[in-house]
Amino acid sequence: MKLFKKIMAVSLAAALSVTCLAGCSSGQQSGGDEVEAAKEIRYLNFKPEIADVYQEIAEKYEAETGVKVIVETAANNTYEQTLTAKMGTSEAPTIFQINGPRGYANWADYCADLTDTELYQHLTDKSLAVTVDGKAYGIPYVVEGYGIIYNQAIMDKYFALEGKATSYTSVDEINNFAKLKEVVEDMQKNKDALGIDGVFANTSLKPGEDWRWQTHLANLPVYYEFKNNNVDLTSDQTKTLNFQYAENFKNIFDLYLNNSTIEASKLGTKTVADSMSEFALEKCAMVQNGNWAWSQVADVKGNKVQAENVKYLPIYTGVEGEESQGLCVGTENFFCINSQASEAEQKAAEDFIYWLYSSETGKDYVTNKLGFIAPFDTFEEDEKPTDPLAKEVLNWMSKDGVTSVPWNFTLFPSQTFKDNFGAALLQYAQGTKTFDEVKEQVISDWASESAAAE
C-alpha cells in the first residue's frame, strides 16, 4: 500500500505552530484526494522501563491534537513474540519497532516506505536508517555511540612535551591508525612524564566483561567487510564471515594491549568498571567505551577528570579511507509504520512521531524524561543532552565529510559466538593462542552459529 504523504510545511517553525497535525477533520492523500483523518493509532513499545513516560506523552498528544495514541508495552524479552501475536489482529500496532536490518527482513511486508516522511527528512545522518534500494523503512529514534574516549588535559600535556618524538600538536591531526599508533606509542614511552600508568585503560577480558572487544570492537571489521563487498544486510549473505579485516582488528587490539596500564597476561580478571576507574583517576589517557559510560567516570570516588576534557576519537584500525570515519553510532531501536494500516492511520502515525521529535512538548519528553540522544536536526543546543560524551556523539554525527559506523553487531549470529570470540582473545592476550587461530575460530563459529540459528 502506498505510503500516505504529508503536505510539507513551509518551514519547521510554521509546522510547529500548527497543533492540529493529525487531529483535523480530514487529511490529504498524495494524489490530492481528501480522506477522513484517523482519530486513533496504536504504538507497541519495546522498553517496559519507559512505558509510563510514553503514556504521559500519549495523553499530552491527545490533549493537543484530539488523536488518541494507545500505548502497549511488551514484557522484557518478549517483543518479537508480542508483535507476532498482535500483527494479524484488529489490535495490530500502527507504529512498531525493529532492531535493524535483520528485524526488517522479518517484518518487510509490514514496513511502510518512510523516505518522504517529515521525520526522515530531519534525520541528521541518514546512513543510520534501515534502507533497501535507497528507500528508508526504519528510522532510528535514539542513538548511542562509542569510540576511544580521551582526556584532553593529558593529551595537551603530551603535545607540550619538549622531548616527544612526534610532530603532532593537536588531537585534531589524528585521523587514521598510523597517526594514532605513532602518538600512542610515544606517549607510552613518556608515561612517567605524563603521570600515567599507561595510555589505555586495561583491556578487560574477564568473561562477561569482554563485550567491548568481542562485540563493539568486532563491529568494525564486520562493517567494512559487508560494506566493501556490497553485502545485503537483510539477506542470507550475512551468514558468512571471512574476517577479511582481521589484521585491522589485530592492529588496534594490539595497540590497546601493548600500551596499557597493566600487562596483557593479567587481563583475565579485569572488568569494565576497573577500566573506567583508571580513566576517572587519570591513570590513563584513553579508554574505549560508549556515551553510556559517563556516569562510570563521574561517579568514581576521587574522580579527577573534568567534563570539559572528555572527548572522543573514532576507533581507527588502518582501513583505507578511514580518515572520513566517525564514531560507531547506532541503535537497536527503529520506528516503523505498519504498511497494512489504512492510509489515514499511516499519516496519523507519521504526524505523531514527527510531533514527538519537533514540538517543544515532545522534545522535552525525549531529552529529559526518555533520556534519548535524538538523531534529528529539530533539536536546538539547549534541547540536547548535556553530559560530555553524549555531546561528543552529537558533535561527531554533525561533522561534514564524516560517516558514522553503523552497529552491524546486531547481525552477529549469537551470544555463544561472542563469548567464544572473547575467550579466544583472552587466550591470545595470554600468549596461548595465535591470532591466526583466533581468526580461524571466528570464521568457523560464525558459520556454525548462523546455521544453528536457522
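Predicted model: local features only at pLDDT ≥ 70, side-chain atom pairs only at ≥ 80, totals over all residues.

Visitor: How many salt bridges does the structure hold?

Guide: There are 10 salt bridges.

Visitor: What does Glu72 form a salt bridge with?

Guide: Its partner is Lys86, and the closest N and O atoms are 3.3 Å apart. The pair links distant parts of the chain, with Glu72 in strand E4 and Lys86 in helix H3, 14 residues apart.

Visitor: Are Glu72 and Lys86 buried or exposed?

Guide: Both Glu72 and Lys86 are buried. They also belong to a network of salt bridges that links them with Arg42 and Glu91.

Visitor: Switching to helix H11, how far apart are Lys250 and Asp254 there?

Guide: They sit four residues apart, about one turn of the helix. Their side chains meet in a salt bridge at 2.8 Å, N to O.

Visitor: And why is Asp254 called buried, but Lys250 partly exposed?

Guide: Asp254 has a relative accessible area of 15%, and buried means under 20%. Lys250 has 21%, so Lys250 counts as partly exposed.

Visitor: OK, on to the surface. Which residues gather in the patch of negative charge?

Guide: Glu247, Asp436, Glu437 and Glu440 make up that patch.

Visitor: Which helix gives the largest share of the negative patch?

Guide: Helix H18, residues 435-452, with three residues. Asp436 is in helix H18, and Asp436 is exposed, with a relative accessible area of 56%.

Note on methods:
Residues numbered from 1 in each chain as written. Heavy atoms only, no water. Patch = residues over 30% accessible without salt bridge, like charges linked within 9 Å, V, L, I, M, F, W, Y side chains within 5 Å. Areas by Shrake-Rupley, 256 points an atom, 1.4 Å probe, with all protein chains shown as cover. Salt bridge = Lys/Arg side-chain N within 4 Å of Asp/Glu carboxyl O. Lys, Arg positive; Asp, Glu negative; His and termini not counted. Charge placed at Lys NZ, Arg CZ, Asp CG, Glu CD. Helix = DSSP H or I, 4+ residues; strand = E, 2+ residues; numbered from the N terminus. Buried < 20%, exposed > 50% of the residue type's maximum accessible area, 1.4 Å probe, protein only.
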